[in-house]
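Keep the viewer open as you read.

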Amino acid sequence: MRRPVARRVQAGLATAAVGAAICVALPVHQASAAAGSASGYATQNGGTTGGAGGQTVRASTGTAIHAALCNRASSSTPIVIEVQGTINHGNTTKVSGSSCNTAADKIELKEISNVTIVGVGSGAVFDQLGIHLRDSRNIIIQNVTVRNVKKSGSPISNGGDAIGMESSVRNVWVDHVTLEASGGESEGYDGLFDMKDDVQYVTLSYSILRNSGRGGLIGSSESDRGNGFVTFHHNLYQNIDSRTPLLRGGIAHIYNNSYVQLNESGINSRAGARAKVENNYFKNSRDVLGTFYTSEAGYWQASGNILDNVTWSSPGSETNPAGPNMPSNTSVSIPYSYRLDGASCVPDIVRQTAGANTGLKESTGNCTPTTPNPTTPAPTTPAPTTPAPTTPPPTSTPGGTNLSIGAGSDGSSKASGTSYGDVRDGNLSTFWSPAGSTGDISIKWGSATSISSINIREASGSAGSVTSWQVLNGDTGAVLASGSRAGVITFARTSLKKVTFRINSSAATPKVAEFETYA
């Protein structure tokens, strides 16, 4: 049973003790504008630059933040919004305009792109007012505090999430922020950092998450597995009951974080998710890694972590702790370069760098550094196992009945004027395209159906646009096949209710005219 944290919050926590001197330089950037550059998965899929190159606007109220968004020439015009002071319900109202879609009870970044929100001067505090991203991309949030956002009681905001993202969100960098609550769900709070319904390419760095029942999640349910490619590094999780994070059906890279007093569980990889967990420091905590509260397994690759007074539960039907030795049960390839601090240095480095109003300090990775090289040219898709590379697909059409006719279909996103149903209508003149250069398209049935091949037919004039793909078992997230060009794809005969064609990269706008399936 989950325990409320309100009384623990009142008691507070002792700051991690400062150990021996660490071999690290801590450069200080001016906090008068966004500083530094994105890291981790936020550097992929075209990168994350926020409002760089756009107009800089100063705001001291939530209404002024919304007005800055609404006064742009378009919803994608770059803008840097410098925030100072306390933003709350009393100074936040809905503002209307053709370049925005705002709300009165939260800071709403909806259906927009190319925005930076950065705290300046004496600091920016979002008090009981959450920040919500929906159908947006290329967003930076830096050097702000978000506190005591509630989903019940009064006032309520953003479903109780300090920062929440949902519905086709891409490329977000959240850096040097402080996210905090004053209790758990029974006190009216939810998650500090939540992602659901198709959120990808996100990095949370040099931040503090504390005094909450729930740190954050990636995927709102066991079936919400289209999120992922999220990096967490140099963050402090302090006095959190669980979800640091909870990961469903995605990939997370979790390194150089300091965890202090995780009361019930920590990194919860489940429902086919995979986490690479490197050089973190766990102190005075319980069940810091594993699959918890579900029978649907997740996976992890763990190395270089330090466990300091960590206790473990016994395995059970819905409890699979990784401890006490945390052996790996999968491997995860990381597509970007990064530097690892030694785990023994992490508490002190994070103490000096993490959170808002710390001068945007960063570690240079000089404490027993290592520099892992990129291991794959593009992000891999979460899966329990990695299949052998497939050969280029044959060009002949499989025999038999196309099982997609009469089935259902869905996907991660769709470009304007296209439809998921266009891939199963038998008409090569209609097609589906993702909203960007990558995306998922799926065929689904009401009951388990056995298939052993698919045929991805690209629309006329777009042949060769898809340059990297994977075929997924939509029920389990397992990778059935992978390759570099569309066409006929064969794999071991599999019984499933849903099969997904995932486009990981493309040379031009992908256009899938037909997604045929065969027994």
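Helices (H or I, at least four residues) and strands (E, at least two) are DSSP runs here, numbered from the N terminus.

A word on ground rules. This is a predicted model, where local features need pLDDT of at least 70 and side-chain atom pairs count only at pLDDT 80 or more, while totals for chains, interfaces and linings use all residues. Residues are numbered from 1 along each chain as its sequence is written, and side-chain values use heavy atoms, leaving out hydrogens and water.

Now the big picture. The chain has 3 helices and 32 strands. Of its 519 residues, 59% count as buried, meaning under 20% relative accessible area, with exposed set at over 50% and partly exposed in between (1.4 Å probe, protein chains only). Take contact to mean heavy atoms within 4.5 Å: among contacts between residues at least 6 apart in sequence, 74% join residues at least 24 apart.

On to the interior. A nonpolar core is a set of buried Ala, Val, Leu, Ile, Met, Phe, Trp, Tyr and Cys residues joined through side-chain atoms within 4.5 Å. The largest one holds 66 residues, and Phe-126, Met-165, Phe-193 and Phe-232 touch the most other members. Leaving out residues up to four places away in sequence, Phe-126 touches Ile-65, Val-83 and Ile-87, among others. Apart from this core lies another, of 24 residues, including Trp-469, Phe-491, Ile-503 and Val-512.

Ile-65 leads us to helix α2 (residues 62-70), where it is one of the buried residues, along with Gly-62, His-66, Ala-68, Leu-69 and Cys-70. What do the buried residues of α2 pack against? Their partners are β1 (55-59), β2 (79-87), β3 (107-110) and β4 (113-127).

Finally, the backbone. A cis peptide bond joins Ser-154 and Pro-155, with omega about -5°, and Pro-155 sits in the loop between β7 (145-147) and β8 (163-166). Gly-323 to Pro-324 is cis as well, with omega near 15°; look for Pro-324 in the loop between β26 (319-321) and α3 (346-353).

Asn-239, in strand β16 (residues 236-242), has phi near 55° and is buried, at a relative accessible area of 0%. Back at Leu-360, phi is positive too, about 55°, and this residue is buried with a relative accessible area of 1%.
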